[in-house]
Amino acid sequence: MTKKKRHRPFTVDDYVEGVLSRDRVMVARTITLIESNAKKHRELAELVLKKLLPHTGNSIRIGITGVPGAGKSTLIEAFGSMLCDDGHQVAVLAIDPSSTVTGGSILGDKTRMEKLARNPKAFVRPSPSGGTLGGVTRKTRETMLICEAAGFDVIIIETVGTGQNEVTVRSMVDFFLVIALTGAGDELQGMKKGVMELADSIFINKADGDNKQRALQARAEYNRILYFLQSPTEGWKPKAFTCSAMTGDNIRGIWDVILKFEEVTKDSGVFERRRKEQLLEWVDWMIEDELKRRFFENEAVKKQLPHIRSNVLHAELSPAAAVKKIMEIYDNQK
Ligand code: GDP
């Protein structure tokens, strides 16, 4: 009979050293630790992060969005592989938006970016979006920091353009790229103005074969719209370009735009200022999240809330009076 090996639990230093030496298994384990909601994991994760923080920040953080089918995974695979060939270390975190609603997954069931995932210089990881907004922000942000500490100098955060996660992703990246498609006016209208307002650049993908001409027309149209929109980044004017993830055409153009953006915003101080603002925004988000958690997990609140809700439904309490009452219950219990 074989004796089972006894594993001692990993210590803070095991995680820290594993990440700093870019041991992939330990990087993945640390991210799993970060993603856990269990209290003891949270405490351990805090200690690990604290030790890793001095090693973070040295990357360019890129957000990429686009509707399903826009070609995001094909494009990230081509773009990421090109950067790896250039000598970069690329981490891709894909936020899967569907799990909040259905518990299912848009991204999970097909194998995406297989080639990039196998590249020794790349790291591809889906990031769960289940739970609260604060939860998504925390887990993705902390995962990004782990990747930076592990030496990845390009971080790509991918989100499916459903309108839910774009603002969250914009709030944690330096550069936000929107992948668009060609098509008649309809599709252009289909892209929410709100999403275009977040974009530092728009790349119209699938500009190949018969579609090339239409892509060029779409580019002109997007540029007209962008001209009138306020830029999300001070001192930077977003522009539209065409590319083909399939043929590789102008994929390098994406990197050129990003390098230019980095140069301009670092020179003006906007880059650093935004990172500081994002950090404080993150703190606010976490405070909100913590307050919410404390409130809804409070025993008296849990006991009284169903009753109060039912009073509202039966017109025995106005919503405002209901809130006042439940807050009083919470305040008295603290
Ligand atoms: P995602 O849902 O945004 O990740 O899109 P995918 O990368 O899965 O691509 C959706 C479909 O479009 C796939 O069938 C791809 O092969 C195809 N596709 C992606 N990029 C291009 C491109 O540049 N040109 C053409 N012709 N097809 C593309």
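Author: L291 is exposed, with a relative accessible area of 53%; buried means under 20%, exposed over 50%, and partly exposed in between, with a 1.4 Å probe and protein chains only. L291 belongs to helix α12. Helices here are DSSP runs of H or I with at least four residues, strands are runs of E with at least two, and both are numbered from the N terminus. The model is predicted, and local features need pLDDT of at least 70, side-chain atom pairs count only at pLDDT 80 or more, while totals for chains, interfaces and linings use all residues. Residues are numbered from 1 along each chain as its sequence is written, and side-chain values use heavy atoms, with hydrogens and water left out.

Helix α12 covers residues 270–297, which is 28 residues. From first C-alpha to last, α12 reaches 40 Å, close to the 40 Å expected at 1.5 Å a residue; the expected span is 1.5 Å times one less than the number of residues.

Other residues of α12 are buried, among them V270, F271, R274, W282 and W285. F271 has a charge over its ring: the charged end of K266 sits 4.7 Å from the ring centre. The rule asks for NZ of Lys or CZ of Arg within 6 Å of the ring centre and within 35 degrees of the ring normal.

Aromatic pairs come next. Rings of Phe, Tyr and Trp (its six-membered ring) pair if their centres lie within 6.5 Å, with planes under 30 degrees apart counted as stacked, over 60 as edge-to-face and the rest as tilted. The whole structure has 9 such pairs. In one of them, F175 and F261 have ring centres 4.9 Å apart and planes at 85 degrees, so this pair is edge-to-face. F175 is in strand β5 and F261 in helix α11, 86 residues apart. Both F175 and F261 are buried. For F295 and F296 the centres are 5.0 Å apart and the planes at 90 degrees, so these rings are edge-to-face. F295 is buried at 12% relative accessible area, whereas F296 is partly exposed at 45%.

Charged residues make salt bridges, each being a side-chain nitrogen of Lys or Arg within 4 Å of a carboxyl oxygen of Asp or Glu. By this rule the structure has 21 salt bridges. One of them joins E234 and R273, with the closest N and O atoms 2.6 Å apart. E234 is exposed, at 51% relative accessible area, and R273 is partly exposed at 41%. Further salt bridges link E290, R293, R294 and E297 in a network.
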